[in-house]
Structure formats: structure tokens, C-alpha cells
Amino acid sequence: QVQLVESGGGLVQPGGSLRLSCAASGFTASINSMSWHRQAPGKERELVAHIRSPGGSTNYADSVKGRFTISRDNAKNTVFLQMNSLKPEDTGVYYCNVRRVLSNGVVFTDYWGQGTQVTVSS
């Protein structure tokens with residue numbers, strides 16, 4: 001079965017750093033899109049960072065650009081999110097998303113992790 005296991009969340013002080021991991025397993029089809037989303041209470045879920053494979057092209061939300069870095073290990077089907085210079089506004093539940101998107105734009109597979117809590121507070 002398909003599993004997405006997220007880890008690395010926790011409590012961190014403003015200005016601190018945190019590294020999230022998401023390990024995906026059980027896929028019968030290869031994936032070409034991995035991303036991180038977050039949701040704070042009372043707010044809609046938003047895309048934080050996205051990385052494509054192959055190639056490794058990345059995209060970031062404007063609010064995290066320059067502070068967050070998304071990376072992946074294709075051999076392990078794992079995606080990471082390095083978060084630096086964290087702000088209280090970064091607080092929320094972070095979700096891993098794994099997809100296979102066809103060349104015509106059709107989403108062939110789409111899986112979400114259970115989420116990991118990130119709290120930025122002094």
C-alpha cells in the first residue's frame with residue numbers, strides 16, 4: 001500500500017531552523033512531483049514548495065522564498081524541506097504531497113501524508 005510518512009516537525013524559536021522529511025513507499029508508478037503544503041488554523045491549505053523529478057525544478061511560495069529549500073532523494077522516494085529563519089507565521093501543519101502528473105496535465109496519482117506540526121514560538 002502507498003504510505004507517506006512525515007517527520008521532523010516540532011517547536012522551534014523564531015529565527016531557528018527545522019528540517020522536514022517525507023518518505024513515500026508502495027508506489028507502483030513512478031512519481032514526478034513532490035511538494036509541501038501547510039495549513040494554519042482558520043486558514044486554507046497553501047503550497048509551500050514544490051519539486052519536480054526528473055530535473056529537480058523547484059517552486060516556492062513568495063512567503064518562504066529565500067528561507068526554505070526543498071530537495072529530494074529519488075532512490076528513497078523521500079522529499080525534504082529545510083526551513084531556515086523561521087517566523088511565527090510559518091506555524092501550521094505541514095503536509096507532504098506526492099503526485100505523478102502526465103504530460104497532458106492529468107494528475108495520475110495524488111497522495112497526501114498525515115501532516116506534521118510545526119510551531120514557531122519563543
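The largest nonpolar core of this predicted model has 26 residues. Such a core is a set of buried Ala, Val, Leu, Ile, Met, Phe, Trp, Tyr and Cys residues joined through side-chain atoms within 4.5 Å. Buried means under 20% relative accessible area, exposed means over 50%, and partly exposed lies in between (1.4 Å probe, protein chains only). Trp36, Leu81, Met83 and Tyr94 have the most contacts inside the core. Two or more residues each come from β3 (18–25), β4 (33–39), β5 (46–52), β7 (68–73), β8 (78–83), β9 (92–101) and β11 (116–120). The largest contribution is that of β3, with four residues. Strands are DSSP runs (E, at least two residues), as are helices (H or I, at least four), and both are numbered from the N terminus.

Residues are numbered from 1 along each chain as its sequence is written, and side-chain values use heavy atoms, with hydrogens and water left out. Because the model is predicted, local features need pLDDT of at least 70 and side-chain atom pairs count only at pLDDT 80 or more, while totals for chains, interfaces and linings use all residues.

Met83 illustrates the surroundings of a core residue. Its contacts (heavy atoms within 4.5 Å) include Leu18, Leu20, Phe68, Tyr94 and Val118. Gly16, Ser17 and Arg67 also touch Met83. Residues up to four places away in sequence are not counted here.

Four strands form an open sheet in the order β1-β3-β8-β7. Pairing is antiparallel. Two strands pair if DSSP finds at least two bridges between them. The edges are β1 (3–7) and β7, each of which pairs on one side only. From one strand to the next, the twist averages 15°; axes are lines fitted to C-alpha atoms, for helices over the stretch in contact, and angles run from 0 to 180 degrees between N-to-C directions. Within the sheet, β3 and β8 run antiparallel and are joined by six bridges. Leu20 faces Leu81 of β8.

The structure holds one disulfide. A disulfide is counted as a pair of cysteine sulfur atoms within 2.5 Å. Cys22 and Cys96 are the partners, with an S to S distance of 2.1 Å. The bond connects distant parts of the chain: Cys22 lies in strand β3 and Cys96 in strand β9, 74 residues apart. The link is left-handed, with -85° about the S-S bond. Both Cys22 and Cys96 are buried.

Strands β4 and β5 pair in the antiparallel sense over six bridges. His37 has Leu47 of β5 as its bridge partner. The two strands form a hairpin with six residues between them. In its turn, Gly42 has a positive phi of about 80°. Strand β5 also runs antiparallel to β6 (residues 58–60), to which three bridges join it. This hairpin has five residues between the strands, and Gly55 takes a positive phi near 105°.

His50 belongs to strand β5. His50 counts as buried because its relative accessibility is 16%. The His50 side chain makes a polar contact with the side chain of Ser33 at 2.8 Å. A polar contact is a pair of N or O atoms within 3.5 Å; within protein, one must be able to donate a hydrogen and the other to accept it, and residues adjacent in sequence count only if both atoms are side-chain atoms. Beyond its neighbours within four places in sequence, His50 is in contact with Ser33, Met34, Ser35, Ser57, Thr58, Asn59 and Ile70.

Tyr60 is found in strand β6. Its relative accessibility is 22%, so Tyr60 counts as partly exposed. A polar atom of the Tyr60 side chain lies 2.9 Å from the backbone nitrogen of Ile70. Apart from residues up to four places away in sequence, Tyr60 touches Val48, Ala49, Lys65, Phe68, Thr69 and Ile70. The C-alpha atoms of Tyr60 and Leu47 are separated by 7.8 Å, with the residues 13 apart along the chain.

Ser53 sits in the loop between β5 and β6. Ser53 is buried because its relative accessible area is 6%. Its side chain reaches the backbone oxygen of Ile31 at 3.3 Å. Residues up to four places away in sequence again excluded, Ser53 touches Ile31, Asn32, Ser33, Arg72 and Asn74.
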